[in-house]
Amino acid sequence: MMERTHRVRRRVAATVCAAALVLPLTACDALTPGSAAAVPGPRSVPSSTAVPDGDITLRLQFADAPLMVDALIAAFEKGHPNISVEPQYKTFSDYVQNLKLTMTSDTAPDIAQYAVGMTDLAADGHILDLAPYREAYGWDKAIPPVSLDQLTAGQTSEATGGRALFGVPAGLSMTGIYYNKELAKKAGIDGPPRTVAEFEDQLAAAKDADLTPLGVGALDSGGLHLWAALLNQLMPTDDYWDWVNGTKGATIETPAAVTASKLVIDWGRKGYYNDSANGTAQVDSTAQFAKGDSVFLINGNWAAGQLATVMGDNVGFFPMPGEDASAPTVASGFSVSYAVASRTEHPEAAGAFLDFLTTPEAGQIISDNGFMPPNPDAVKKPEGVLADIAEGHRRAVADDGITTFPDFAAPAMLDRLRSGVQKLIANRIDPSDYLDSLQDEWEEHHAE
């Protein structure tokens, strides 16, 4: 009865704002930071790609792959000596939490990583439609159109009449499991598992060998990636997409999601995680794994460049396996893409930077840092752990198994996911209560 009352309260709260249409609109706008900000100006980039003369500085705010971003900036600036790009790195949780405020402020960066909330910003005119540059630069020749079509925000371009475009990808991502080959051998593990059950056996073998089985950086996103990786194997992909996309009647409160959540609890009970997993950031869990502190690590391909540099041939990668060996390869992933703020004074220079991301030179930098370039044929064949990731991504794409991250289900979902998984790891919440909290957030957002 309490759960029902809790959810009814949320629906009532959403209804209050709907009913407030008879009152001054600022009443509900004030509940959302930045929602009342005026549309800053043009909704699309100019048709011209000519970069003005003179020194130009672009500010780029981002949350993923700082080493890759630094390398891309250095290469771009070498070819464009009059343009300086200032990187502004934020942790992913801080970036997403403050994105709306950031992009609607007078100090918005010129370029920003595309993330949860960008669809609303695009609809309100706070990021520029890049469709004119798509045609002028010929991006469809350098980037598979399917990669660009993920960044349309469901809109038609007012400038071109075709599909809008609100970002350009600088690499494709996926999550999975890294493993230390020497430690795995010490535990009697001879290769990647073929099923989830076999992976559990390997975790147990690592524990029996007095090794830390699985490194998790649950302070920010690592725990979320673990839960999502298990969910990907147990929940039908179509049902998952319905929930993430806000399809009417969709729910995360399913038996498959309960099972995935129970596994997170069970693995914690059995001591499979690193000590203080909930107090360890993802970047720190990666550094600990690189030093040999665990046999396995849950993370994304954005960590591959660092691990390859430190560990060389001693590190491998595999996507989380399915319930049986013939199951399709399914993994969370999204393109690391960049949008242009409507408040920028230098749209042509920003466009030049985005166009650089489509070049073979940039593609090689992207590949060297563990990401899949949008056009893999333009770079040399990867080796070592980078080859493992490329093969895993190829299988997932072939199986139509790349799913977006669960926080895309609602702008405020990340906090619910992160704190909820931390409670699962610590065995301080029942799976049904955790899933109920996610569905509450989903219903509150989609009711609006």
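Me: How many helices and strands does the chain have?
Reply: The chain has 20 helices and 11 strands. Please note that this is a predicted model.

Me: What radius of gyration does the chain have, and what would a compact globule have?
Reply: The chain has 22 Å, which agrees with the value near 22 Å for a compact globule of 448 residues. Along the principal axes, the C-alpha atoms fill a box of roughly 65 × 60 × 35 Å.

Me: What share of the residues counts as buried?
Reply: Of the 448 residues, 52% count as buried. The chain exposes about 19,400 Å², and carbon and sulfur atoms supply 50% of that area.

Me: And of contacts between residues at least 6 apart in sequence, what share joins residues at least 24 apart?
Reply: That share is 78% in this chain.

Me: Changing topic to charges: how many are positive and how many negative?
Reply: There are 32 positive and 58 negative charges, and their mean positions lie 5 Å apart.

Me: Now the backbone. Which residue has a phi near 65°?
Reply: That residue is D210, where phi is positive although the residue is not glycine. D210 sits in the loop between α10 (196-208) and β6 (214-215).

Me: Is D210 buried or exposed?
Reply: D210 counts as exposed because its relative accessibility is 70%, and the cut-off for exposed is over 50%.

Me: What about N427, where is that residue found?
Reply: N427 lies in the loop between α19 (413-425) and α20 (431-447). N427 is not a glycine, yet has a positive phi of about 60°. With a relative accessible area of 37%, N427 is partly exposed.

Technical notes: Residues are numbered from 1 along each chain as its sequence is written. This is a predicted model: local features need pLDDT of at least 70, side-chain atom pairs count only at pLDDT 80 or more; totals for chains, interfaces and linings use all residues. Side-chain values use heavy atoms; hydrogens and water are left out. Helices (H or I, at least four residues) and strands (E, at least two) are DSSP runs, numbered from the N terminus. The radius of gyration is taken over C-alpha atoms; the globule rule is 2.2 Å times the number of residues to the power 0.38. Buried means under 20% relative accessible area, exposed over 50%, partly exposed in between (1.4 Å probe, protein chains only). Contact means heavy atoms within 4.5 Å. Accessible areas come from the Shrake-Rupley method with a 1.4 Å probe; for residues, only the protein chains shown count as cover. Lys and Arg count as positive and Asp and Glu as negative; His and the chain ends are not counted. The place of a charge is taken as NZ of Lys, CZ of Arg, CG of Asp or CD of Glu.
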